[in-house]
Amino acid sequence: MDILALGQNIEGTCCDYSSDGKGVVKYQGYIIFVTNLLLNEEAVIQIKYKRAGIYYGEIQQIIVFSSDRTKGICDICAACGGCCFGKLCYEKTLEYKENKLKRNFKLINEDLSKIHVQASDEPLFYRNKIVIQARTIQGKRMLGFFREGSHEIINLNTCSISQKPLNFLWLELKKLILASSISFFDDKTFKGTLRGLQIKYSSYSQELLLCLIVTKYQSSDPHLNALISEINKLRSSFHLAGLIINVNDLNNNLLLGSKDILLWGRDLLRQNLSTLKFNISNHSFFQVNTKVAEKLFFKAIELANLKSSDLVLDAFCGVGCLACLVAPFVQKVIGVEIVEDAIINAKDNARLNNLANTDFIVDDCTNYLEKQEASFDCIFVDPPRKGLDSKFITSLLANKAPKIIYISCDPATLVRDLKILQVSYEIKNIQGFDMFSYTSHVECVCELVLKDK
Ligand SMILES: C[S@@+](CC[C@H](N)C(=O)[O-])C[C@H]1O[C@@H](n2cnc3c(N)ncnc32)[C@H](O)[C@@H]1O
């Protein structure tokens with residue numbers, strides 16, 4: 001029988017952090033995860049809910065404060081779930097990330113002394129993309145971020161991890177949208193038009209790409225049209241590259257639907273990494289922290305120690321950033337990616353940078369590698385958070401590339417996959433990067449070398 005009741009207040013001390021950056025409190029044999037509670041802090045905690053045997057609590061009052069607690073990087077970091085370490089001093093966030101990597105690598109008996117996380121030069125205002133939600137809640141139109149773990153909306157003025165031009169445009173749009181008569185999506189009744197918006201920014205071209213996400217689009221919709229004509233007035237003062245309407249008519253948790261309508265301008269933003277230029281469309285993946293991404297890619301290339309005769313695979317290549325950066329050093333690089341728009345961008349990007357020794361293929365990486373007869377000299381993998389598919393790992397082992405460079409944003413799935421790859425590969429280098437400052441996430445690049453060549 002549970003002794004903890006929902007709504008009950010308890011007093012406890014934070015003894016650790018969870019893998020998603022929550023404070024861990026042990027109370028009479030129970031584990032409670034508490035958002036924004038820092039190590040060694042003592043607090044009155046209200047039990048909110050229980051999931052998979054773990055209680056989740058909310059701070060009611062802090063009794064003993066950590067000396068690492070700061071006033072916070074913004075007003076809502078305690079609530080929005082974006083920056084769980086928004087009130088922890090930056091050095092300690094790096095320590096958390098290093099420990100997170102070490103805990104995972106300990107599971108495969110790695111030498112932990114070689115694990116470090118490189119700090120970001122700009123831990124604030126770094127994200128090049130912002131996503132805002134619009135919902136009708138109890139009859140009221142609300143705009144902002146989701147409250148952590150819910151579909152409640154928190155009002156947003158400035159997001160301290162999003163680049164400043166995104167914030168400036170957002171503040172203007174917020175006024176226009178709230179002054180307009182457009183209805184907001186209600187996920188209970190499935191009525192309402194506006195679901196949210198996505199804005200991307202390029203620090204290279206200093207342009208913004210704006211996408212309004214709606215449940216339905218009719219070119220005669222007077223409310224939407226009135227809003228669009230107000231937004232059109234911002235075109236030159238905010239350097240808008242294009243205005244896109246994205247239609248998501250499904251009752252799902254995905255932000256973007258599959259259909260884009262370009263109202264004006266172009267569905268492309270020009271970014272740059274090092275001396276290369278990249279076109280990115282509304283739907284294509286681009287690393288959210290451009291400056292740290294550049295460092296990460298150069299570390300990956302340095303570890304690969306490429307030769308001019310090499311045949312290289314960039315698996316999960318997105319818009320081809322890594323493949324294009326690699327191309328000048330090798331004979332040929334092949335990029336494989338499942339999103340067709342991203343491959344269209346990747347091909348454009350190779351042309352834009354005069355890189356004729358690249359080939360980009362739309363395919364599932366597992367399918368692609370399974371049928372590959374050529375052996376690669378080096379394979380870069382940069383999968384989504386869920387890591388590599390077991391069939392992909394089988395093909396990777398069969399390909400026997402002398403070197404694999406594994407880029408990962410989740411140490412748990414990374415180490416799960418490395419455990420299998422270790423039958424044939426030795427882990428030579430592990431380097432963490434603070435790509436997502438003030439969040440619990442850490443990016444990592446690993447160099448794997450084939451044991452018996
Ligand atoms: C973490 S991103 C890396 C993108 C790219 N390396 C970069 O840094 O810009 C992962 C990419 O894998 C793609 N992807 C996801 N599952 C895939 C699959 N099964 N086969 C091929 N690509 C996939 C996603 O669309 C996304 O572009």
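Reader: Where does Lys400 lie?

Author: Lys400 sits in the loop that joins helix H8 (390–399) to strand E20. Helices (H or I, at least four residues) and strands (E, at least two) are DSSP runs, numbered from the N terminus. The model is predicted: local features need pLDDT of at least 70, side-chain atom pairs count only at pLDDT 80 or more, and totals for chains, interfaces and linings use all residues. Residues are numbered from 1 along each chain as its sequence is written.

Reader: What is the phi of Lys400?

Author: Most residues other than glycine have a negative phi. Lys400 has a positive phi, near 55 degrees, and is not a glycine. This residue comes just after H8. Asn40 is also a residue other than glycine with a positive phi, of about 75 degrees. Asn40 is placed in the loop between strand E3 (30–34) and strand E4 (42–51).

Reader: Are Lys400 and Asn40 buried, exposed or partly exposed?

Author: Count the C-beta atoms, placed from the backbone, within 10 Å of the residue's own: 20 or more others make it buried, 12 or fewer exposed, and anything in between partly exposed. Lys400 has 13 others within 10 Å, so Lys400 is partly exposed. Asn40 has 14, so Asn40 is partly exposed too.

Reader: Which residues of H8 are buried?

Author: An α-helix has 3.6 residues a turn, so residues three or four places apart point the same way. In H8, Phe392, Ile393 and Leu396 are buried. They cover an arc (of the directions from the helix axis to the C-beta atoms) of only 100 degrees, which puts them on the same side of H8. Ser390 and Ala398, on the other side of H8, are exposed. The buried residues of H8 pack against helix H7 (365–370), strand E19 (378–381), E20 and H9.

Reader: Which residues of H3 are buried, and where do they fall?

Author: In helix H3 (residues 222–232), the buried residues are Leu224, Leu227 and Ile231. Seen down the axis, they fall within an arc of 65 degrees, so they line one face of H3. Pro222 and Ser229 are exposed on the other side of H3. Helix H2 (164–179), strand E11 (207–214) and strand E12 (240–247) are what the buried residues of H3 pack against.

Reader: Which residues touch the most other members of the largest nonpolar core?

Author: A nonpolar core is a set of buried Ala, Val, Leu, Ile, Met, Phe, Trp, Tyr and Cys residues joined through C-beta atoms within 7 Å. The largest one here has 127 residues, and Ile199, Ala300, Ile379, Phe380 and Ile405 touch the most other members. Helix H4 (residues 290–304) gives the most to this core, with 8 residues. Setting aside neighbours within four places in sequence, Ile379 is in contact (C-beta atoms, placed from the backbone, within 7 Å) with Leu313, Ala315, Leu396, Asn399, Ala401 and Ile404.

Reader: Where is Asp410 found?

Author: Asp410 is in the loop between strand E20 (403–408) and helix H9 (411–421). Asp410 has 19 C-beta neighbours inside 10 Å, so Asp410 counts as partly exposed. Beyond four places in sequence, Asp410 is in contact with Arg385 and Gly387. Asp410 and Leu101 are 309 residues apart in sequence, yet 9.1 Å apart in space, C-alpha to C-alpha.

Terms used:
Two residues are in contact if their C-beta atoms, placed from the backbone, lie within 7 Å.
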